[in-house]
Amino acid sequence: MATQHSRTVARLMISPAVILLLLWMIVPLAMTLYFSFLRYNLLMPGMEEWAGFSNYRYFLTDPAFFTALRNTLVLVAGVLLITVIGGILLALLLDQPMWGQGIVRILVIAPFFVMPTVSALVWTNMFMNPVNGLFAHAAKALGLQPYDFLAQSPLLSITLIVAWQWLPFATLILLTALQSLDSEQMEAAAMDGAGPLSRFIYVTMPHLTRSVTVVILIQTIFLLSVFAEILVTTNGGPGTASTTLTYLVYVQSMLQFDVGGGAAGGIVAVILANIVAIFLMRMIGKNLQA
Amino acid sequence: MARKTTTARKATVTMLAWTIGFIIFFPVLWTILTSFKTEGEAIAAPPSFLFFDWTMENYLTVNERSDYPRHFWNSVVISVGSTLLGVLIAIPAAWSLAFVPGRRTKDVLMWMLSTKMMPAVGVLVPMYLIFRDAGLLDTKTGLVGVLTLINLPIIVWMLYTYFKEIPAEILEAARMDGASLRSEILYVLTPMALPGIASTLLLNIILAWNEAFWTLNLAAAKAAPLTAFIASYSSPEGLFYAKLSAASTMAIAPILILGWFSQKQLVRGLTFGAVK
């Protein structure tokens, strides 16, 4: 039973975490919001002045913004497509009886534990490099012209690298969901004469829907913030060919020292992420009640 | 299962699964193998898979030349430090949420989660300025602080889902017997939730070890953990594949090993209990 006393204690116990997160949430975000209305460049200290909405106007009408927005959507959608479809297929495969399932799981999960800078560098240099990369060696062995992945299709290359990192996550979650599927339900469907395909469509898929949604939402949150993979491989280039929204804000604030413009971009990114977050929170919230 | 699995089918599935598993794992394996080659062999065409002169030279060079041990130590301090600090703050919070639920418990949990949804880039500028003005740029203290805040919601959530599974009656019994709140948490709750706390520690050390936004933006040299150190290999001079591989292998090995132990908790932790 919760008494008045225990409630007070509980409030006391939770307050450090709440206060810290509250500060973390409000202080920097309020500063970003404030900066976004200033003309403020770190190279010209003391010259700050009120700029109204002009930072937003510049940011939102900059052609780079549209490229970055498009690149962000392409990257997120591409990675989601590969990881969700690949994850479902892989999870179905790993759920079958086989020898050495534990070891295969370990092999499949490995990329998730590789730090982003390492996987980006390894893929860029040892696989995608047009001179010394393994793909170039393979192309030459087959008598083909090596393909310069990062120069010719930078965004696709980054999408592939990021998809490699996130495929294990999708697979692992979907496999966990598959394993919680009641085998009696499957048997009943089989006894009623349902073939493997209709068993998949009418029993497995409905069971997986929730997990797929969770995978999509959580990955989207992380994918919107993909940064190291771009910094290390292409620096957003050539031109702005692989610049995402996150990277554009980084360039503006950290490389061009344009605090005001970067802050406006940051607020735009926060708004976009929030749209996704609302859906995710609903999903998780529903689960909490049950 | 009524349906019998034939040996042939099982063999086919095994073959297919092992092949795909091998392909997915291959970049990691290739990095490890390359780290034992000489620079010449690392870029040789056709590449040799196993039959090359194995050498430890790259590991020695990387350790000597680049201050590698220091960056490794930075990674350890930052990831373990931020995780321990986070757990220390989160245990009492998760205790209140799990055992003294009120009308707003759910809202608090959801709100904590929502702080995790804020894209880092939205607060990059102020964080950089705060760090600069407080003299925290390129310090381990600063990074421990930021990573604690970033992972705190996940830590609270994970602990909450583990605490939820412990019957409240046991804690009440301890209270009846006159245990103070401190000893209730320290001697009753913590030992019972130890497996859960351990998984929470494990997963968050992994997340903090691999975090590559704040570490890249807020630490350049002295306090740079391995994520930032490895990034410096992106502008190479001369032959460097073997050395890059050696540095990479050392950076990912500890986490690969920890990670393989935490597969199950990974799902639970990263989906905030939505998939178990």
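**Note on the predicted two-chain model**

1. Buried residues make up 42% of the 290 residues in chain A. The model is a predicted one, and every value below was computed from it.

2. On overall form, chain A has a radius of gyration of 24 Å, whereas a compact globule of 290 residues would have one near 19 Å. Along the principal axes, the C-alpha atoms of chain A fill a box of roughly 80 × 75 × 30 Å. The secondary structure of chain A comprises 13 helices and 2 strands.

3. A:Asn55 gives one example to look up in the structure. This residue lies in helix α2 of chain A, which spans residues 54–61. Is A:Asn55 buried or exposed? A:Asn55 has 25 other C-beta atoms within 10 Å, and a residue counts as buried at 20 or more, so A:Asn55 is buried.

4. The partners of A:Asn55 can be listed. Leaving aside neighbours within four places in sequence, A:Asn55 is in contact with A:Ser36, A:Phe37, A:Gly260, A:Gly261 and A:Ala264. A:Ala264 is 209 residues from A:Asn55 along the chain, yet the C-alpha atoms of the two are separated by 6.0 Å.

5. Next, the contact between the chains. Chain A puts 90 residues into this contact and chain B puts in 86 residues. Which element gives the most to the side of chain A that touches chain B? That element is helix α1 of chain A (residues 4–35), with 17 residues. Sorted by class, the chain A side has 67 nonpolar, 19 polar and 4 charged residues.

6. In chain B, consider one pair of helices. Two packed helices are described by the angle between their axes and the distance between the axes. For helix α10 (residues 194–210) and helix α13 (residues 241–261) of chain B, the axes come within 10 Å and cross at roughly 150°. The crossing of α10(B) past α13(B) is left-handed.

7. Which residues meet where these two helices of chain B touch? From α10(B) come B:Leu202, B:Ile205, B:Ile206, B:Trp209 and B:Asn210. Facing them in α13(B) are B:Ile255, B:Leu258, B:Gly259 and B:Phe261. By class, the contact of α10(B) with α13(B) has 7 nonpolar and 2 polar residues, and no charged ones.

Conventions
Residues numbered from 1 in each chain as written. Chains lettered and ligands numbered in written order. Predicted model: local features only at pLDDT ≥ 70, side-chain atom pairs only at ≥ 80, totals over all residues. Contact = placed C-beta atoms within 7 Å. Helix = DSSP H or I, 4+ residues; strand = E, 2+ residues; numbered from the N terminus. Nonpolar A, V, L, I, M, F, W, Y, C, P; charged D, E, K, R; others polar. Axes fitted to C-alpha atoms, helices over the stretch in contact; angles between N-to-C directions. Left-handed = near helix turned anticlockwise from the far one by under 90°. Rg over C-alpha atoms; globule rule 2.2 N^0.38 Å. Buried ≥ 20, exposed ≤ 12 C-beta atoms within 10 Å, placed from the backbone.
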